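Subject: Structure handover

Hello,

Here is the structure I said I would pass on. My notes on it follow below the file.

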Amino acid sequence: MVDQLQGTWKSISCENFENYMKELGIKKASRKLGCLAKPTVTISADGDVITIKTKSIFKNTEISFKLGEEFEETSPAGYKTKSTVTLDNDTLVQVQNWGDKETTIQRMLVDGQMVVESSVNNVMCKRIYERV
């Protein structure tokens, strides 16, 4: 279940994030700042409501949802999206849709670290987090 992902996580590495943000249509200056961010992510659950809080020196976001139920959110890039999060073999899979774009964000535990793989239009980035 989501239990293994609950807790606070600190980013320790990032691969291909600038290209991912470019594919999202984020301007160059914001992409450069985004690559410098080392966010902290806190995942918690209260009954069947899961909350993911992301904090960095540039931006803070928070989403709360129930698995399998569509919800609206504003992405860190400022896009209004319709999102759904499901659980697939211990991986939280978030699908964001807006306009003609679809982003998939997968959060999973690998060797005690949280691995987050985000993709849009076949451009993928990978962030690795360690438990705080």
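Which residue in E6 is the bridge partner of Phe71? The partner is Ser83. Please keep in mind that the model is predicted, not experimental.

That bridge belongs to the pairing of strand E5 (residues 71–74) with strand E6 (residues 80–88), which is antiparallel and has four bridges. Five residues lie between the two strands of this hairpin, and one of them, Gly78, has a positive phi near 95 degrees.

On to the next hairpin. E6 also pairs with strand E7 (residues 91–98), again in the antiparallel sense, over seven bridges. Here Lys82 has Asn97 of E7 as its bridge partner. The turn between E6 and E7 has two residues, and Asn89 in that turn takes a positive phi of about 50 degrees.

Thr81 is also part of strand E6. With a relative accessibility of 2%, Thr81 is under the 20% cut-off and therefore counts as buried. Leaving out residues up to four places away in sequence, its contacts are Phe71, Glu72, Glu73, Ser75, Gln96, Asn97 and Trp98.

The sheet as a whole is open and has 10 strands, in the order E4-E3-E2-E1-E10-E9-E8-E7-E6-E5, with antiparallel pairing. E4 and E5 are the edge strands; each has a single partner, so one side of each has no neighbour in the sheet. On average, neighbouring strands are turned by 25 degrees against each other, ignoring direction.

Elsewhere in the sheet, E9 and strand E10 (residues 123–131) form an antiparallel pair with seven bridges. In this pair, Ser119 is bridged to Met124 of E10. Helix H1 (residues 17–24) lies across strand E1 (7–15), E7, strand E8 (101–110), E9 and E10, and runs at about 130 degrees to E10.

Then the cores. The largest nonpolar core has 16 residues, of which Val41, Ile43, Ile52, Phe65, Leu92, Met114 and Tyr129 touch the most other members. At least two residues of this core come from each of strand E2 (40–46), strand E3 (49–55), strand E4 (60–66) and strand E9 (113–120). There is a second, separate core of nine residues, among them Phe17, Tyr20, Met21 and Val123.

For Ile43, the contacts beyond four places in sequence are Val2, Leu5, Gln6, Gly7, Ile50, Thr51, Ile52, Arg107 and Met114.

Regards

Technical notes: Residues are numbered from 1 along each chain as its sequence is written. This is a predicted model: local features need pLDDT of at least 70, side-chain atom pairs count only at pLDDT 80 or more; totals for chains, interfaces and linings use all residues. Side-chain values use heavy atoms; hydrogens and water are left out. Two strands pair if DSSP finds at least two bridges between them. Buried means under 20% relative accessible area, exposed over 50%, partly exposed in between (1.4 Å probe, protein chains only). Contact means heavy atoms within 4.5 Å. A nonpolar core is a set of buried Ala, Val, Leu, Ile, Met, Phe, Trp, Tyr and Cys residues joined through side-chain atoms within 4.5 Å. Axes are lines fitted to C-alpha atoms, for helices over the stretch in contact, and angles run from 0 to 180 degrees between N-to-C directions.
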